[in-house]
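Student: I am new to this structure. Please show it to me, and then let us talk it through.

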Amino acid sequence: MTKVQPHSLRWRLVSRLVGLQAAMLALLVLVVIVALWGAGHLIALESEDDTIDALHDAVVRESNGDISVRDTPVLAKRRAQAPNFWFLIRDREGHSVSQGRVPLEYAGIGDALDGIGQARLGWNMLDGMRPTARMKWIDTPAGNIQILTGQGGAVSWRRIGQAVLTLFLGFVLPIVALMTLATLVATPVVVRRTLAGLDRAAAQAEKIDVDGHGARLPLQDVPSEIVPLVSAVNDALRRLDEGYERHKRFLADAAHELRTPIAILQTRLESLSLGPGAGRVLEDVARLSTLADQLLDLQRLNRQADWFSSVDIVAIGRKIAAELAPLTIAAGYEISFDSDVERIPVRGDEGALERALTNLIQNAIQHGGRKGGIAVWVEPPATISVTDDGPGIQACDQERVFEPFYRSQGHGRGAGLGLNLVQEIVRRHDGAVAISERPSGGTRVRMAFKPAHGTS
């Protein structure tokens with residue numbers, strides 16, 4: 001399956017905004033160029049500049065000081081391109097030469113422009129169609145001369161390219177660069193502020209765990225485009241909560257309904273003489289009773305830590321070992337209890353801790369190979385261990401046996417809830433549970449808790 005790479009909303013917005021701004025700017029520049037060009041205010045994208053370049057090489061000085069113009073191929077080409085081609089050339093000494101029909105507006109204007117290096121002569125857009133002209137003083141082989149010309153034919157591609165490049169480098173590129181820089185700086189800030197509500201919703205979602213019933217994602221400051229998604233997630237969480245509540249009620253009701261007939265059955269069996277198989281029958285009934293208790297314990301795990309009280313795990317270990325001794329002995333084991341200290345108090349639920357230890361001992365009875373001993377050991381700072389002499393649990397199964405309804409290979413008996421329930425109880429008490437192999441063989445399951453103040 002191809003892995004979908006996440007894309008950055010920030011950089012997608014930046015790239016698209018920059019592209020849109022560049023396109024809008026290019027369109028704006030085009031409109032401005034057309035408007036200025038039509039008004040006669042745009043710089044030098046007229047054919048007269050090519051005419052001046054052609055005259056530069058064609059102007060010569062006669063021996064008597066007069067100015068003349070040679071008929072060069074370039075000049076002949078310019079003349080052929082425009083039927084109304086004309087020019088007027090003069091120097092500061094009064095020598096002049098002209099060609100074509102010089103408009104009356106420009107026939108005597110040269111003297112008035114002696115102090116101006118170059119100029120474009122034209123009219124406003126509303127003044128009607130009138131001839132335009134271009135004046136420029138240039139240095140030629142004939143000396144410094146003034147050329148006044150107009151109606152020079154088509155503009156060369158070279159000059160058009162130069163004009164476009166000049167406009168791009170001098171006007172479009174700086175503005176695009178400035179807008180791009182502003183977009184790169186501003187867009188991440190805008191995106192971050194706009195999505196701040198979504199970030200808070202994501203942070204809230206990360207805090208939701210299996211016990212976070214009733215949690216919802218906040219809609220405050222979430223962009224309106226994303227509100228449907230967040231609302232859909234909240235609706236899904238609501239449906240999950242409703243399903244969890246139905247599941248919880250069903251387990252509680254089923255467990256309550258099962259406990260009474262199981263207790264009656266166990267009492268009747270204990271009063272009967274069942275022969276050599278009595279131990280197995282009683283063990284099976286005890287397993288049924290344990291399963292019902294486990295289902296109820298799953299519901300009790302919702303109790304909050306604020307309801308915990310100080311309980312003595314040494315007393316719990318001694319009590320449960322004594323209560324399960326008949327069942328353990330009947331299954332073919334020896335059971336022992338040992339503690340390094342007289343008392344170890346922890347904060348917790350006494351009933352839940354008793355059930356956790358009961359599950360560990362019953363698990364050892366089921367999987368201990370029906371030989372050897374089962375030992376319950378309490379040690380500081382606040383640890384309860386249950387060991388057996390059975391075949392042990394394979395390394396690949398030591399983590400998975402804590403999953404609900406999982407049963408390792410060769411251990412098919414049981415519902416697969418015991419160790420999962422133990423793990424949940426220990427976790428609710430801020431403790432840890434671990435499985436290890438004993439050097440002499442067998443399995444050791446260790447529950448470690450945080451000791452309460454006043455440990456002795």
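Tutor: Strands are DSSP runs of E of at least two residues, and helices are runs of H or I of at least four, numbered from the N terminus. Two strands pair if DSSP finds at least two bridges between them. This is a predicted model, where local features need pLDDT of at least 70, side-chain atom pairs count only at pLDDT 80 or more, and totals for chains, interfaces and linings use all residues. Residues are numbered from 1 along each chain as its sequence is written, and side-chain values use heavy atoms, without hydrogens and water.

Student: How many residues are in the hairpin that joins β11 to β12?

Tutor: β11 and β12 run antiparallel, joined by 6 bridges. The hairpin link between β11 and β12 has 3 residues.

Student: Is β12 largely enclosed or open?

Tutor: Buried means under 20% relative accessible area, exposed over 50%, partly exposed in between (1.4 Å probe, protein chains only). T383, S385 and T387 point one way, I384, V386 and D388 the other, and all are buried. Because 6 of the 6 residues of β12 are buried, the strand is largely enclosed.

Student: Which residue in β14 is the bridge partner of I384?

Tutor: β12 pairs with β14 in the antiparallel sense, over 5 bridges. Contact means heavy atoms within 4.5 Å. Leaving out residues up to four places away in sequence, the residue in question touches I384, L357 and V422, among others. The bridge partner is M447.
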